[in-house]
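The sequence and the structure come first.

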Amino acid sequence: MNHPTVPYYPPEVWIMAAFDPVLIGLALYLGWKADQFGKVVLVAIIALVGSVLVSWVVTGIGVPWPAPIGRELPTFFPVRTGAALVYAIVGYSARRVIAPRA
């Protein structure tokens, strides 16, 4: 019985998935705009979907991208999801510290 081989990706590749510029920008901006902490989870999901779509399109047209997505390329959804949540919380928290509402 043949078992499929699981590809190995070095930690540097996993880390690059967390530093997708579209993911960072969307999560921080939408986290900044969130008016309730419960919306941070929605912000993270929206940022994840947006960054995956942009990464997929950019990779599809052949432009180099820090975290490419394709059929034969890794997607690293757990890393992207965790990073989106962290960046959304940072954006939400920064708004509360820098520009608190009266």
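Ala 18 lies in helix H1; helices here are DSSP runs (H or I, at least four residues), numbered from the N terminus. The model is predicted, so local features need pLDDT of at least 70 and side-chain atom pairs count only at pLDDT 80 or more, while totals for chains, interfaces and linings use all residues. Residues are numbered from 1 along each chain as its sequence is written, and side-chain values use heavy atoms, with hydrogens and water left out.

Ala 18 is 60 residues from Pro 78 along the chain, and their C-alpha atoms are separated by 9.5 Å. Ser 51 is found in helix H3. Both residues are buried, meaning under 20% relative accessible area (1.4 Å probe, protein chains only), as the table shows. Contact means heavy atoms within 4.5 Å.

| Residue | Relative accessible area | Contacts, leaving aside residues up to four places away in sequence |
|---|---|---|
| Ala 18 | 14% | Leu 23, Ile 24, Val 79, Ala 83, Tyr 87 |
| Ser 51 | 0% | Asp 20, Val 22, Leu 23, Leu 26, Arg 80 |

Helix H2 comprises residues 21–33. Its 13 residues should span 18 Å at 1.5 Å a residue, and the end C-alpha atoms are 18 Å apart, which agrees; the expected span is 1.5 Å times one less than the number of residues.

Within H2, the residues Val 22, Leu 23, Ala 27 and Gly 31 are buried. These four are on the same side of H2, because they cover an arc of only 140 degrees around the axis, taken from the directions from the helix axis to the C-beta atoms. The cover over the buried residues of H2 includes helix H1 (11–18), helix H3 (39–60) and helix H4 (77–98).

Technical notes:
Helices (H or I, at least four residues) and strands (E, at least two) are DSSP runs, numbered from the N terminus. Buried means under 20% relative accessible area, exposed over 50%, partly exposed in between (1.4 Å probe, protein chains only).
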